[in-house]
Amino acid sequence: MERNPIFHQTRLRLAAWYTLVMGGILGLSSLGVYSVVAHAYYETIDQGLQSVANALHKSIEPAWQQPGQLQRLAKEFSLELCVAQTNCLPKTTSIKKSIAEAANPVNYYIRLLDRSGKLFASGGMEFDKLPITSELEYWQILTDSSGTRYREITLPLYTQKQVSGYLQVARSITDLDQHLAYLRLALVLGLPISMIFVGLSSWWLAGRAIQPVYLSYQQMQQFTADAAHEFRTPLAAMYSTIEAAIKLQQEPKSNGVILDVLKRQNRRLSQLVGDLLLLTRIDQKQLTGEYQPCCLNDLISDLTEELAFLAVETKVNLSKQVQVSEKLYVMGNEEQLYRLISNLIANAIQVTSSGGKVTVFLEKSELYAMIKIQDTGIGIAVEHQQRIFDRFYRVDRDRSRTSGGSGLGLAIAIAIARAHKGNIHVQSQPGLGSTFTVRLPLSS
């Protein structure tokens, strides 16, 4: 395949397109995975942050409505009370574990703002790292001076059903950014590596996919070469005969011999063309005639009688053995079944030397009829048995040339058998003969 530029380029294109398509699919899949994982992370952080904020809101809002309770509130939550943003009271340390210490792994912070949005109290991380935004949105992502990002939630605080302040709770999302950075790195590095494996797999798969086409192409090339050779022989003979006829125009006695040669070669060409057309019709499932019950007993009897003259000429003993008491019928085209069995019998007679035997058996096996053609001929080597049904294939080309065979007999036989939902099996040993078994389904 690599030596043929057409198939090599086709394989390359298939592999390239497959790699391109798979690369697009993997890229979209990676983007989808990243989006889903990032969304899941954000959802988890938001749910946890909202849960903490709601719990704090329930505790802070009642004290917020009573100014005298602010000191107690600061002590309880370890908050710094600020008169102004630059003047905060010292953080109380009455509780054992402050919010800043408890939330240190993710850097939580709490801020209380008045109704105008000015800082009232804070707790958690150091205050001066994060600015206060004028927009008090429910969810925000803020970035401090060191580049750390925070996810912040803002809840309103009510006094007599009016907004009098705001509670802001936030946490650092550094861990999320790190996880997503690792995920991006894995996807960025993993995609090229995956594409290398996809490319190699694409090349292998393209080779596997194009292999049957390449084999068919080789068979077509071989078929063309063999058919050309088959046509060349009778055409060359006819050309030589015509040239001889032109030279011997003045000898009337030679005209009869010349015409016989032309007639014989013309018959050979006609038979070859007919065989090729028959194979084409079988391949395209265009066999003429309707299937009807055909009696194999009568068919075998007729064939053994008709081919007896060929057996006598080659001094071969042709006989039949019907090993069933009843008539066996199969659904099929009688003309094609006749051609199937006659090809096998004629082939057996041709490969059997003088004094040999050819026996035709008719048997029954469950739902199938079996026709066996057994000969005592030259036999077929194991390496040839898989190819003898190929078109124009010959085990012994020299013998086939002298006998006038075209190499299509067995190809036609197995094509007809398969068209009738049957098959042909061969058993053979060199020097001991061969047995061809035709298996056809019985008509119900």
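Where is Thr-376 found? Thr-376 lies in the loop between β12 and α9 (382-385), where helices (H or I, at least four residues) and strands (E, at least two) are DSSP runs numbered from the N terminus.

## Basis of the model

This is a predicted model, in which local features need pLDDT of at least 70 and side-chain atom pairs count only at pLDDT 80 or more, while totals for chains, interfaces and linings use all residues. Residues are numbered from 1 along each chain as its sequence is written, and side-chain values use heavy atoms, with hydrogens and water left out.

The pLDDT, which is the predictor's confidence in each residue on a scale from 0 to 100, averages 78 over the protein chain, and 73% of the residues score at least 70. Over residues 83-105 the pLDDT is below 50, and this stretch has 32 contacts in the model beyond near neighbours in sequence, a contact meaning heavy atoms within 4.5 Å.

## Overall make-up

The protein chain holds 11 helices and 14 strands. Of its 444 residues, 38% count as buried, where buried means under 20% relative accessible area, exposed over 50%, and partly exposed in between (1.4 Å probe, protein chains only). Among contacts between residues at least 6 apart in sequence, 64% join residues at least 24 apart.

Ser-30 counts as buried at 16% relative accessibility, and its C-alpha atom is separated by 10.0 Å from that of Ala-186, which is 156 residues away along the chain.

## Surroundings of Thr-376 and Gly-433

Thr-376 is partly exposed, with a relative accessible area of 41%. Not counting residues up to four places away in sequence, Thr-376 touches Thr-352, Gly-356, Lys-357, Leu-432 and Gly-433.

When its neighbours within four places in sequence are left aside, Gly-433 is in contact with Asp-375, Thr-376, Gly-377, Gly-379, Gln-427 and Ser-428. Gly-433 and Thr-352 are 81 residues apart in sequence, and their C-alpha atoms are 8.0 Å apart in space.

## Packing of α8 and α11

Two packed helices are described by the angle between their axes and the distance between the axes. Helix α8 (residues 334-350) and helix α11 (residues 409-419) pack at an angle of about 140°, with their axes 9 Å apart; axes are lines fitted to C-alpha atoms, for helices over the stretch in contact, and angles run from 0 to 180 degrees between N-to-C directions. The crossing of α8 and α11 is left-handed, a term that applies if the near helix is turned anticlockwise from the far one by less than a right angle, clockwise giving right-handed.

On the α8 side, Gln-336, Leu-337, Arg-339, Leu-340, Asn-343, Leu-344 and Asn-347 meet Gly-409, Leu-410, Ile-412, Ala-413, Ile-416 and Ala-417 of α11. The residues of this contact divide into 8 nonpolar, 4 polar and 1 charged, with Ala, Val, Leu, Ile, Met, Phe, Trp, Tyr, Cys and Pro counted as nonpolar, Asp, Glu, Lys and Arg as charged, and the others, Gly among them, as polar. Because 8 of its 11 residues are buried, α11 is largely enclosed by the rest of the structure; the buried residues are Leu-410, Ala-411, Ile-412, Ala-413, Ile-414, Ala-415, Ile-416 and Ala-417.

## Positive phi values

Just after α11, Lys-421 takes a positive phi of about 65° although it is not a glycine. Lys-421 sits in the loop between α11 and β13 (423-429) and is exposed, with a relative accessible area of 71%.

Glu-366, also a residue other than glycine, has a positive phi near 55°. Its place is in the loop between β11 (357-365) and β12 (368-375), and Glu-366 counts as exposed at 71% relative accessibility.

## Cysteines

With a disulfide taken as a pair of cysteine sulfur atoms within 2.5 Å, the count comes to 0 disulfides. The sulfur of Cys-294 is 9.0 Å from the closest cysteine sulfur, in Cys-295, and therefore too far for a bond. Cys-294 is buried, with a relative accessible area of 3%, and Cys-295 counts as buried at 11%.
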